[in-house]
Amino acid sequence: MTTARTASPRTARAINDRLALELLVERGPLTANQLKQATGLSRPTVADLVERLRDGGLIRVVGEAGEQRRGPNARLYGLAADRAHIAAADVRTRSVSLAVADLAGGVLAETVLPVDPSRPAARIVEDAVSALGRTLRESGADATLHTIVVGAPGLVDPATGELSATGALPAWHAEFVAALRTGLDAPVLLDNEVNLAGIAEAQVGAAADRETFVLMWLGHGVGAAVILEGRLRRGASGGTGEIGFLPVPGTSGLPSATVCDGGFHSLAGSAAVCALARRHGIAAASEDDPPAAEAALGEALGTGNGAFLDELAGRIAIGAAALTAVLDPGCVVLGGEVGRAGGAELTRRVQTRLEELSPLHTQVRAGTVEGSPVLRGAMVIALDAARRDLFATV
């Protein structure tokens, strides 16, 4: 017969400390009495943990609760958000977006560095590293950086954390990550950009009420983030969701191990969307890049070009039907530049077409994360790493 084990005093203190710190992150400053009520701990236990967390530099007195109250019981304790900082990077073909936040998740600075892909890789990397350094210094986080998370296209090996490009992706992406790991005195974590966007939609976006869903990323390339029972699934080689290589009907051929032309990418990537838009007489699709695809969606919605929207929705539904048949996620979120630009109208049309293709009930939603979902997801991962480390070291 097995018996329940009682946590050691040290383990119990660590659990209580983390509970109190997470409450301060979630609710903001609290009095000792409010911490007692929220945690269910005794008054002496709360007094001990408050003293321990203050001595550890993780909380500080930030005010008093109510003008009429004075003394120790009225003190408001808040997280020492400047104890550590995190950074996030969203690496694209033509830009690098950067963000810095404090331990409470407050964003202190954001920067977007345009990238000319024709420049030498070494110069692009040098400029990107310099931009990060300036952003850290200007936000006062250069001396207290705990973790940086980088989101980039391609396969990220779960065992090594190394980037393996798929298709024609820039070599400087991996060089940028290597430069950060060499030059920064902080952990540099790398993840697939679509996975990070999926984490953002799960935390604060369209799938915040879902334990299981798939994010379809529709931008320069296409991909998917698969979250099942609350866990992001990466696969044996980090390739879960590489649907750009998915063989589908309606293309001129088949993809290969190195080039996704002929796969779902050829139906729903930004170049394919722009070509389709031009065929439907949409003038905004003058280029074959994500901004032009966004503009094309905007023009189609503004002019009521239902034929273009229906054909595009049919293409997207083919990829969604394949994901649904294998995973049965119950929910597909449309993200990326095309998914965001299409909004509710494109989502409705994809939903209708998917219901014609699949017997499995699947709700289609538009992504709702503001700004860069990749940056937001990277910050979620970085904050979790920083808090897991610092909240356990008191």
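**Reading a sheet and its salt bridges**

Q: Arg 278 is partly exposed, with a relative accessible area of 37%. With which residue does the side chain of Arg 278 meet in a salt bridge?

A: Keep in mind that the model is predicted. The general idea is that side chains of opposite charge can pair when their charged atoms come close. Here Arg 278 and Asp 288 form a salt bridge, 2.9 Å from N to O. The pair joins distant parts of the chain: Arg 278 belongs to helix 8 (residues 270–279), while Asp 288 sits in the loop between helix 8 and helix 9 (290–303), ten residues apart. Asp 288 is also partly exposed, at 40% relative accessibility.

Q: What is the mean pLDDT of the protein chain?

A: The mean pLDDT is 91, and 95% of the residues reach 70 or more. By element, confidence is highest in strand 13 (residues 331–335), with a mean of 98, and lowest in strand 8 (residues 163–164), with a mean of 76. Over residues 1–5 the pLDDT is below 50, and this stretch has zero contacts in the model beyond near neighbours in sequence.

Q: In what order do the five strands of the open sheet stand?

A: Strands of a sheet pair through backbone hydrogen bonds, either parallel or antiparallel. In this structure the order is 5-4-3-6-9, and the pairing is mixed. Strand 5 (107–114) and strand 9 (188–192) are the edges; each has a single partner strand, so one side of each lacks a neighbour in the sheet. From one strand to the next, the twist averages 15 degrees.

Q: How many bridges join strand 3 to strand 6?

A: Strand 3 (residues 85–91) and strand 6 (residues 145–152) run parallel and are joined by six bridges. To find the pairing on the model, look for Asp 90, which stands opposite Gly 151 in strand 6. Asp 90 is also part of a network of salt bridges with Arg 92, Glu 193 and Glu 337.

Q: Which strands does helix 4 lie across?

A: Helix 4 (residues 121–138) lies across strands 3, 4, 5 and 6, at about 25 degrees to strand 4 (95–102). Helix 12 (residues 373–390) lies across strand 3, strand 4, strand 5, strand 6 and strand 9, and runs at about 150 degrees to strand 3.

Q: How many salt bridges does a search of the whole structure find?

A: The search finds 17. One of them pairs Asp 82 with Arg 60, with the closest N and O atoms 3.1 Å apart. Asp 82 is in the loop between strand 2 (75–79) and strand 3, and Arg 60 is in strand 1 (residues 59–64), so the pair ties together parts 22 residues apart in sequence. Asp 82 is partly exposed at 44% relative accessible area, and Arg 60 is partly exposed at 39%.

Q: Does Asp 191 count as buried or exposed, and why?

A: Asp 191 has 6% relative accessibility and counts as buried because the cut-off is under 20%. Its side chain meets that of Arg 234 in a salt bridge, 2.8 Å from N to O. Asp 191 lies in strand 9, and Arg 234 in the loop between strand 12 (231–233) and helix 7 (265–268), so named distant parts of the chain, 43 residues apart, are linked by this pair. Arg 234 counts as partly exposed, at 32% relative accessibility.

Methods
Residues numbered from 1 in each chain as written. Predicted model: local features only at pLDDT ≥ 70, side-chain atom pairs only at ≥ 80, totals over all residues. Heavy atoms only, no water. pLDDT = per-residue confidence, 0-100. Helix = DSSP H or I, 4+ residues; strand = E, 2+ residues; numbered from the N terminus. Contact = heavy atoms within 4.5 Å. Pairing = 2+ DSSP bridges. Axes fitted to C-alpha atoms, helices over the stretch in contact; angles between N-to-C directions. Salt bridge = Lys/Arg side-chain N within 4 Å of Asp/Glu carboxyl O. Buried < 20%, exposed > 50% of the residue type's maximum accessible area, 1.4 Å probe, protein only.
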